[in-house]
Amino acid sequence: MSRSALKAVPSPNTPDPENSKKNIFNRLLDWVEKNGNKLPDVLTLFVIITTVILLGSFIAGVAGWSAVNPANNEKITAVNLLNEDGIIRMLSELVSNFVNFPPLGLVLVVMLGVGLAESTGLISAFMRRVVLASPKALILPIIIFIGIVGNAAADAALIVLPPVAAMVFLTLGRHPIAGLAAAYAAVAGGFSANIIISMLDVMLAGFTESAAHLQDKSYTANPAMNYYFMLASTFVLVPVAVWVTTKIVEPRLGDYQIPDDLEVKKQALTSEEKRGLKWATISLLVYTTIILLVTVPGGAMLRHPKTGELIDSPFMDSLVPIMLLFFLIPAMAYGFGSKVLKNDKDVAEHLTKAMSGMGYYIVLAFIAAQMIAYFSWSNLGSIIAITGADFLKESGFTGLPLLLTFILFTALVNLLIASSSAKWAILGPVFVPMFMALGYSPAFTQMAYRIGDSITNTITPMLAYFAILLTFAKKFDKNMGMGTLISSLLPYTIAYTIFWCVLFAVWYVLGLPLGPGEYIKM
């Protein structure tokens, strides 16, 4: 029961009146879901993709496929991973690929805190308090807004927000997969919208400046070069995501039947739960005060020791343990306050319970780590990106059509190379000087790139957090397949593409400033 819907099944010879009324878009999503669910389990699918990558590396390596990196004029040659050297590397680095897989440790560490908060009942009690106290109409927009802003701490937000949003929806009597999808789409798909400047802005600005120096040695980039557009994008994407969730995703998922092993409390809080929430709130206030003391004052411990900045600082490097304690401390305070926890043995038992559901993800991470490593070693992603960029450069497009084509091209490349900085390191030296020659500023080219870099984040399996999302989804529907999950995420990608490109076109036509001191034309 992939949609967890309780509907009467019509006779095979009877036309389905509901299906006959569906528009082309819903039929497309049905096709994606139906055929996607025919795919093997995601573990098997990743093994198949890994095999294809290995075979592709063999063909490309034997054929001598190559491309020249425009950043340094270095020739990138396809690497055959099925020769003696490749096989030795795969065997000798198998363990390190898994251990060093970026999301693995991050997910497990953060889930210690989130899992304990869920196991003790803190998340359930907090959600019920929020639901009882807040207008229901505002909850979804708040989740999406938090997701977009939370992408400044991208990894942590991708792990924490989707399961929390699912629990909020479940408490409201809405389909939890809809909440899961909305939160994930907000963080991943809205990656280039925000109201604050993040570390990613700093990194991309550095690549943009280097690329611009190929055309103009005097150009200086700044991290806020796209800030005005990012700010406007935030307030465009929130209502778009709300509309997609309520008008497309939730109706397609249908009614949700709560599994017998999933406990959901909807009643008012007990006195023990209220006391637990009070203790949790006090502990969180104390913890937040400590974090402010070590970050806000000049010369604070978690600021950069030389520049005093917060963007590139020990604070940003410490976000994962900060997020762990953000959940762990209030969870323990709630547990002892509500009498769910009575001693250290109870803490250990609940921590074990919290992590017991991560077994599937660990196996999935092992396979995904090898797959992504092999794709990187083969150089296939870089060669495809550079070749495609060269083709686009010679396409003959000009003006807005060229810029929109560049956005869509970047979105396609994003399906292969999830890392934003890695893609821009390849594409920036091609397109920044090219568009500068056409009179467009490096900031404008970066802005177009960032749209394409975001819109397909929701559906690419190359984004390592897609695997953890599927793990979360299976908690609410054990029969959840990739088809159902992707069909729930695809509407966000399509809607973001349309509305973001429209906003981009409006910005272009009106000639609005992109950020402080940055404009469309040079």
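Axes are lines fitted to C-alpha atoms, for helices over the stretch in contact, and angles between N-to-C directions run from 0 to 180 degrees. Helices (H or I, at least four residues) are DSSP runs numbered from the N terminus. The structure described here is a predicted model, in which local features need pLDDT of at least 70 and side-chain atom pairs count only at pLDDT 80 or more, whereas totals for chains, interfaces and linings use all residues. Residues are numbered from 1 along each chain as its sequence is written, and side-chain values use heavy atoms, with hydrogens and water left out.

## Helix packing

Two packed helices are described by the angle between their axes and the distance between the axes.

| Helix pair | Angle | Distance between axes |
|---|---|---|
| α13 (residues 271-293) and α15 (residues 319-337) | about 150° | 7 Å |
| α19 (residues 399-414) and α23 (residues 482-510) | about 145° | 11 Å |
| α10 (residues 176-189) and α22 (residues 465-476) | about 165° | 10 Å |

Helices α13 and α15 pack at an angle of about 150°. That makes α13 roughly antiparallel to α15, a term for angles over 145 degrees. The crossing of α13 and α15 is right-handed, meaning that the near helix is turned clockwise from the far one by less than a right angle. Contact (heavy atoms within 4.5 Å) involves residues of α13 including Glu-272, Arg-275, Trp-279 and Tyr-287, and residues of α15 including Pro-321, Phe-326, Ile-329 and Tyr-334. By class, this contact has 15 nonpolar, three polar and three charged residues. Here Ala, Val, Leu, Ile, Met, Phe, Trp, Tyr, Cys and Pro count as nonpolar, Asp, Glu, Lys and Arg as charged, and the others, Gly among them, as polar.

Helix α19 also passes α23 in a right-handed crossing. From α19, the residues in contact are Gly-399, Leu-400, Leu-403, Leu-404, Ile-407 and Leu-408, while α23 contributes Thr-497, Cys-501, Phe-504, Ala-505 and Tyr-508. Nine of the residues in the contact of α19 with α23 are nonpolar, two are polar and none is charged.

For α10 and α22, the angle is about 165°, and these helices are therefore roughly antiparallel to each other. Their crossing is right-handed. Pro-176, Ile-177, Leu-180 and Tyr-184 of α10 meet Tyr-465, Phe-466, Leu-469, Phe-472, Ala-473 and Phe-476 of α22. The contact of α10 with α22 comprises ten nonpolar residues, with no polar and no charged ones.

Rolling a probe the size of a water molecule over the atoms shows where empty space is left. On a 1 Å grid over the protein atoms alone, a cavity is a set of points where a 1.4 Å probe fits but cannot get out, and lining residues have an atom within 4 Å of a point. A search of the whole structure finds one cavity of 30 Å³ or more. The largest cavity holds about 30 Å³ of space, a volume being the space filled by probe spheres set on the points, which are joined across faces, edges and corners.

Its lining consists of Ser-192, Asn-226, Phe-229, Met-230, Met-447, Arg-450, Ile-451 and Trp-500. Helices α12 (227-253) and α21 (442-455) each supply at least two residues of this lining, and α21 gives the most, with three residues. Five of the lining residues are nonpolar, two are polar and one is charged.

## Backbone in two loops

Lys-339 has a positive phi of about 70° although it is not a glycine; this residue is found in the loop between α15 and α16 (344-355). Asn-379, which is not a glycine either, has a positive phi of about 70° and is found in the loop between α17 (359-378) and α18 (380-393).

Technical notes: Parallel < 35°, antiparallel > 145°, perpendicular 65-115°, else oblique. 1 Å grid on protein atoms, 1.4 Å probe; cavity = no way out; pocket = protein on both sides within 12 Å on 5 of 7 lines; lining within 4 Å.
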